[in-house]
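The entries follow in the order in which I made them.

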Amino acid sequence: MYSYKTKGVCSHEILFDIKNNIITDLKIVGGCRGNTQGLAKLAIGRNIDDIITLLKGIKCRGNTSCPDQLAQALEIYKAQN
């Protein structure tokens, strides 16, 4: 499972698995439980490029958000793999 430490949001960490560029598992540690669980359910089974396009740049506080942090985590994952 890939781990990404979030920055500037209430959640602390994003954990996910990817197979053939599809998100197969996603857990967001901390943050608003209902929102992070909903975000995870919406992302699982989708292509990482689609999720990046949909979520990148969404702002909450601190010029980022949990969805934006997920997009950033996926971009880093893509760059490393």
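**Salt bridges**

Lys-27 is partly exposed, at a relative accessible area of 42%, where buried means under 20%, exposed over 50% and partly exposed in between, with a 1.4 Å probe and protein chains only.

I note that this is a predicted model, in which local features need pLDDT of at least 70 and side-chain atom pairs count only at pLDDT 80 or more, while totals for chains, interfaces and linings use all residues. Residues are numbered from 1 along each chain as its sequence is written, and side-chain values use heavy atoms, with hydrogens and water left out.

I searched the whole structure and found four salt bridges. One of them joins the side chains of Lys-78 and Asp-49, at 2.4 Å from N to O. This pair links distant parts of the chain, since Lys-78 belongs to helix H3 and Asp-49 to helix H2 (residues 48-55), 29 residues apart; helices (H or I, at least four residues) and strands (E, at least two) are DSSP runs, numbered from the N terminus. Lys-78 is partly exposed at 39%, and Asp-49 is partly exposed at 32%.

I also looked up the salt bridge between Lys-5 and Glu-13, with 3.6 Å from N to O. Lys-5 counts as exposed, at 53% relative accessibility, whereas Glu-13 counts as buried, at 16%.

**Asp-68**

Which side chain of opposite charge is nearest to Asp-68? I found Lys-59, 6.2 Å away, and Asp-68 is buried yet has no salt bridge; in this count Lys and Arg are positive and Asp and Glu negative, with His and the chain ends not counted. Asp-68 sits in helix H3 (residues 66-80), and a polar atom of its side chain lies 2.7 Å from the backbone nitrogen of Gly-57. Neighbours within four places in sequence aside, Asp-68 is in contact (heavy atoms within 4.5 Å) with Leu-55, Lys-56, Gly-57, Ile-58 and Asn-63.

**Ile-14**

Beyond four places in sequence, the contacts of Ile-14 include Tyr-2, Leu-26, Lys-27, Cys-66 and Leu-70. The C-alpha atoms of Ile-14 and Tyr-2, twelve residues apart along the chain, are separated by 8.1 Å.

Terms used
A polar contact is a pair of N or O atoms within 3.5 Å; within protein, one must be able to donate a hydrogen and the other to accept it, and residues adjacent in sequence count only if both atoms are side-chain atoms.
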